[in-house]
Amino acid sequence: MKARTARVWSVIHTLTSLISTVFLLLLCLTGLPLIFHHEIDDVLGYSPQPDVRPAGAAKLSLDDIGRAALADHPGNVMLYMGWDKDEPWMVSTFTNKTVTSDPQTTVVKALDAYTAKPVGLLGTGPMLVMLRLHTDMYLGLPGKWFMGLMGFVFMVAIVSGVVLYWPFTRRLNFAAIRKQKSRRVWWLDWHNLLGVVTVVWALVVGGTGVLNAYAELLLGVWQRNELTAVAAPYAGQPTPTKLASLDAVVRNAMTATPGMEPAFIAFPGTPFTSTHHFAVFLRGDTPLTSRLVKPVLLDGETGTVSSTSDLPLYLKAVLVSQPLHFGDYGGMPLKIIWALLTVFTMIVLGSGLYLYIARRRKQRRPARVAPNAAAIAQASS
């Protein structure tokens with residue numbers, strides 16, 4: 001690589017690293033506990049627990065569960081109903097004043113599928129604080145987009161660091177740590193080593209983080225294109241006031257997609273469907289297909305199937321990226337690996353900041369010039 005090209009890449013790496021470092025440290029500090037959010041919620045008592053029920057009890061109908069959820073919040077309407085694949089006894093319900101109310105006022109509650117009794121509020125406790133700081137810094141959609149931009153800048157810093165790695169380390173053995181050199185050189189070697197060790201993981205986490213940050217934007221694209229085409233025959237019609245039976249809606253959706261089970265139901269008027277349709281999103285039973293949901297749109301009044309189609313590739317990428325971002329695919333072993341790589345990334349970020357400050361101090365320090373013989377003779381006379 002030519003010296004001029006190396007200087008350009010060095011400037012790119014320095015600028016992108018400095019711009020994103022503070023926010024990336026925030027993302028790492030908040031993301032680390034979020035990797036273990038299930039376990040932390042269990043320890044702190046925020047995880048829903050099954051209600052006591054008689055042996056042999058059968059699950060209640062979805063209509064009964066929906067009525068129970070609304071009974072606790074008179075005047076609210078149902079937005080979503082969902083199921084956790086790891087907690088088959090539990091049904092999650094999302095209610096709000098209207099389908100267009102502020103999402104931050106949505107009540108997310110867990111109900112026992114056998115008794116319809118509330119067993120906990122979802123999205124509460126310290127993990128909710130961590131999640132909000134991690135996703136939008138309590139700034140809403142602008143905060144998400146800004147953090148997505150920082151994720152993109154971080155990826156540029158990674159790529160530029162990879163480009164510079166070989167020219168700056170070609171004379172050294174791989175993983176060499178020069179202990180006999182200065183502290184700055186010692187930290188530079190660790191910065192380079194940990195940067196190479198985490199490069200693939202950092203690109204994966206950075207890329208999935210950017211996708212997650214702009215998920216709502218991509219959802220809007222799907223709404224304006226595929227969803228609008230399906231809902232065209234119902235254009236101008238108001239949201240149904242008398243909705244079809246939820247049990248019939250789910251049964252018809254499962255008949256249209258054999259071998260799949262419901263992940264969640266979106267009620268008419270919510271962002272995941274049209275003003276006239278239920279949308280039942282169904283999933284498979286493998287680690288991958290359980291993340292890739294298939295939407296079935298059903299008439300809100302009759303419950304009959306209106307459309308069955310696959311999600312576009314960009315929304316599939318979002319759905320796959322969400323659990324991958326937090327290492328939620330391989331159980332505890334993968335979570336531990338994700339946590340270690342997060343710590344390594346924090347060291348890379350901190351050491352990079354230290355190296356920049358140390359270099360600036362060195363540049364501002366006046367150079368020491370050795371006195372010549374004439375000056376010494378004059379001083380001693």
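Modeller: The second largest cavity is lined by Trp222, Glu226, Leu227, Val230, Pro295, Leu297, Ser307 and Ser309. This is a predicted model: local features need pLDDT of at least 70, side-chain atom pairs count only at pLDDT 80 or more, and totals for chains, interfaces and linings use all residues. Residues are numbered from 1 along each chain as its sequence is written, and side-chain values use heavy atoms, with hydrogens and water left out.

Biologist: What makes a set of points a cavity, and what makes a residue part of the lining?

Modeller: On a 1 Å grid over the protein atoms alone, a cavity is a set of points where a 1.4 Å probe fits but cannot get out; lining residues have an atom within 4 Å of a point. Two cavities of 30 Å³ or more are counted.

Biologist: What makes a pocket something other than a cavity?

Modeller: A pocket is an open set, with protein on both sides within 12 Å along at least five of seven lines. The second largest pocket has about 1,000 Å³ of space. Its lining has 37 residues, with His13, Leu188, His191, Asn192 and Leu355 nearest the centre. α5 (140–169) provides the largest share of that lining, nine residues.

Biologist: Why is Leu355 called buried?

Modeller: Buried means under 20% relative accessible area, exposed over 50%, partly exposed in between (1.4 Å probe, protein chains only). Leu355 has 9%, so Leu355 is buried. Leu355 sits in helix α11 (residues 331–364). Contact means heavy atoms within 4.5 Å. Leaving out residues up to four places away in sequence, Leu355 touches Arg184, Trp187, Leu188 and His191. The C-alpha atoms of Leu355 and Leu188 are 7.0 Å apart, though 167 residues separate them along the chain.

Biologist: How do you know whether Leu15 is buried, exposed or partly exposed?

Modeller: The relative accessible area of Leu15 is 48%, so Leu15 is partly exposed. Leu15 belongs to helix α1 (residues 3–35).

Notes. Helices (H or I, at least four residues) and strands (E, at least two) are DSSP runs, numbered from the N terminus. Grid points are joined across faces, edges and corners, and a volume is the space filled by probe spheres set on the points.
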